[in-house]
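Please look over the model below. How is this chain put together, and how do its helices and strands pack?

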Amino acid sequence: MNTEGSHVVTAHDNGSFVSIPKAFLRTVEKLKDHPAYHVRTKAGWEPTSWLEYSKQVRKAAVALIKLGVRPGDTVCILSYNRPEWAIMDVAAMMIGATPTGIYWTAASPEINYILRHSQGRVLLIESEEQLADLETHPELFMYLRKIVRLNGEAVGEEQITWADFVALADNEPELEEELDRRLDAIHPEDIAKQIYTSGTTGHPKAVQLSHRAIRAESDALVKVRCLDTNDRYISYLPLAHIAEQCGTIVQACDNGYQSFYAQSIQAMPDHLKEVRPTIFFGVPRVFEKMRERIEERLASATGVKAKLAHWAMDVSERWHALNIDNKPTGYFLDLQKKLANRLVLDKVKYAMGFDQTHTVVSGGAALSVSILKFFSRLDIVITEVYGQSESCGGTTFNKPGAIRFGSVGQVLDGVEVKIAEDGEILVRGAPNFSGYAHDPEATDKVFQDGWLLTGDLGHLDADGFLFITGRKKDVIVTSGGKNISPALLEGDLTEIPLVEHAVVVGDNRNYLSALLAIDPVVLEGFAKEQGMTTHEAMESQALRDKLQMGIEQINRRHARVEQVRRFEIIKEGLSIESGELTATLKVRRKDVLKNHAALVDAIYKDAE
């Protein structure tokens, strides 16, 4: 890491508790004119300093007070990642209110539910289409005091533009003093943030995270990797998710690194080359898409270039396999690795925008070992993190010097993990949440003697590395009485290049089958190879034969009872809009099985 001219920001003084808003102000005091965040404009990436950032936050905080927002009130945020999201978030925390993000991809019923359930007093909103839908539901304004619009003109008394909202703070010395009083009055057990779960089953629950929990999580992450003001982070995943909030807001406040707000997920490839981030966080689907693009380019290489590329990647994979296990790599392999980097790998990373990246993290779901190994062949080591919203997003982490492919790492500082008799992962520690808002029964169900019941299945190895094997609620019980966790098998099936998503079925059946959603980009390439249109390819026997070959290779890794015997294709794929994917691209198994019950029945109709 380049530390020339850098600052390392720490959140504690003499061991006393420092909330994230207080840490933010201390970072401002130390860094002042150093860039805090950047926005992409036609002129390029335009920076905003920490000092200016703090002025924006304080104005928003005073404006919220003027609108009547009290400590404990909820402030909802519905937009794509942008500075105003973070400004409103930190401002709400400063005055003792609870910022609550809503996924920008959420459907109207879910948005309406969260607004009612959270009793949101103020809503920051970007989409005019979503706003128009809200206006048809007057019952939502039972709690809402004001809608702050990021786009368009304010209509009616209940709406205000962002510019007019900020202007509410002008010439309000008494409210400035009230802001400072509220900031000083923050108690560690007060609720700092509310995270609505992505809702893989039923209505999303409101996870309440205290200032103490978020402080404990951020401190634990700081011990994993020391970051500084030279570090750069691209914010592009939904800020309604705790992991992205940790990356864009919480950790930035503590470490003082720079956040770059992506214009869209589609713009990410270009942003990577422009920003050259030092830190990159993604979910498995992001890395799967990257691998597909890289493999396409590698496939186009011929002759000496192709042989050189494969040699370099083989060297990198062998070198990292030893290095990750803390085994000596040897003089000759070290020499080969340096040559491979100079001739091939450094050029590939530069073309991707990863040439200055020292930390690449995957979270949200398990990443297949094949993808981890593929990126290690490019001299990029992806480290996995594991956790839930209920534990502030991070429970275990593959740390520098302690990485094991296939695992989600070792427990973070201040956290305990144990495995119950039925294989469920239990977590105890300061980052655990305070409870589900307005739902004490659900809260009681997930706590047992102080341990959080994660609902995930896994095991710990002799060195304390945690391995996830699936979700407890997803366990399939075959008609023969065998209990099978489908998660690992589904992960293996998505290694087949044509497969974008896989759902394994077999409850009360004689054998396992799979519903497969096809990757449209890969299908297009396959169709060209076959001399077909994409529609013809989707309907072709050639596609089914290709999938069958992939399944047979996957089956060799598994015991007979865990092998996939038959499959059907979900031709329309899975999407957030259909309700079959969450906003973080997790598969909603229940919805997939409900929507495609006829396909499942067709698989087993003539076979049982």
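**Overall fold**

This is a predicted model. The secondary structure of the protein comes to 21 helices and 27 strands. Its radius of gyration is 25 Å, close to the 25 Å that the globule rule gives for 608 residues, so the protein is as compact as a globular protein of that length. The C-alpha trace spans about 70 × 60 × 50 Å along the principal axes.

**The eight-stranded sheet**

Eight strands make an open sheet with mixed pairing. Their order is β7-β6-β5-β3-β4-β8-β9-β19. The edges are β7 (159–161) and β19 (435–436). Each has a single partner strand, so one side of each is left without a neighbour in the sheet.

Gln208 has Gly435 in β19 as its bridge partner. Helix α8 (residues 211–224) lies across β8 (191–196) and β9. This helix runs at about 75° to β9.

**The three-stranded sheet**

A second open sheet has three strands in the order β25-β26-β27, again with mixed pairing. Here β25 (499–505) and β27 (564–570) stand at the edges. Each of these has a single partner strand, so one side of each has no neighbour in the sheet. The twist averages 25° from one strand to the next.

Strand β26 (residues 512–518) pairs with β27 in the parallel sense, over six bridges. Within this pair, Ala517 stands opposite Ile570 in β27. Helix α19 (residues 541–555) packs on the sheet and touches β25, β26 and β27. The direction of α19 makes about 140° with that of β27. Helix α21 (residues 597–604) also packs on the sheet, touching β25, β26 and β27. The direction of α21 makes about 135° with that of β26.

**A hairpin**

Strands β21 (residues 451–460) and β22 (residues 466–471) run antiparallel, with five bridges between them. His459 has Phe467 in β22 as its bridge partner. Five residues lie between the strands of this hairpin. Gly464 takes a positive phi near 85° there.

**Two helix pairs**

Two packed helices are described by the angle between their axes and the distance between the axes. The table gives both values for two pairs.

| Helix pair | Axis distance | Angle |
|---|---|---|
| α1 (residues 20–31) and α9 (residues 242–255) | within 7 Å | roughly 50° |
| α2 (residues 50–66) and α7 (residues 173–185) | 9 Å | about 100° |

What is the orientation of α1 and α9 to each other? With their axes crossing at roughly 50°, α1 and α9 are therefore oblique to each other. The crossing of α1 past α9 is left-handed. From α1, Ile20, Ala23, Phe24 and Thr27 meet Val250, Cys253 and Asp254 in α9. By class, this contact has five nonpolar, one polar and one charged residues.

The α2 and α7 pair packs at an angle of about 100°. These helices are therefore roughly perpendicular to each other. On the α2 side, the contact residues are Arg58, Ala61, Val62, Ile65 and Lys66. They meet Leu175, Glu176, Glu178, Leu179, Asp180 and Arg182 in α7. The residues of this contact divide into five nonpolar, no polar and six charged.

Definitions and conventions:
Residues numbered from 1 in each chain as written. Predicted model: local features only at pLDDT ≥ 70, side-chain atom pairs only at ≥ 80, totals over all residues. Heavy atoms only, no water. Axes fitted to C-alpha atoms, helices over the stretch in contact; angles between N-to-C directions. Helix = DSSP H or I, 4+ residues; strand = E, 2+ residues; numbered from the N terminus. Parallel < 35°, antiparallel > 145°, perpendicular 65-115°, else oblique. Left-handed = near helix turned anticlockwise from the far one by under 90°. Contact = heavy atoms within 4.5 Å. Nonpolar A, V, L, I, M, F, W, Y, C, P; charged D, E, K, R; others polar. Pairing = 2+ DSSP bridges. Rg over C-alpha atoms; globule rule 2.2 N^0.38 Å.
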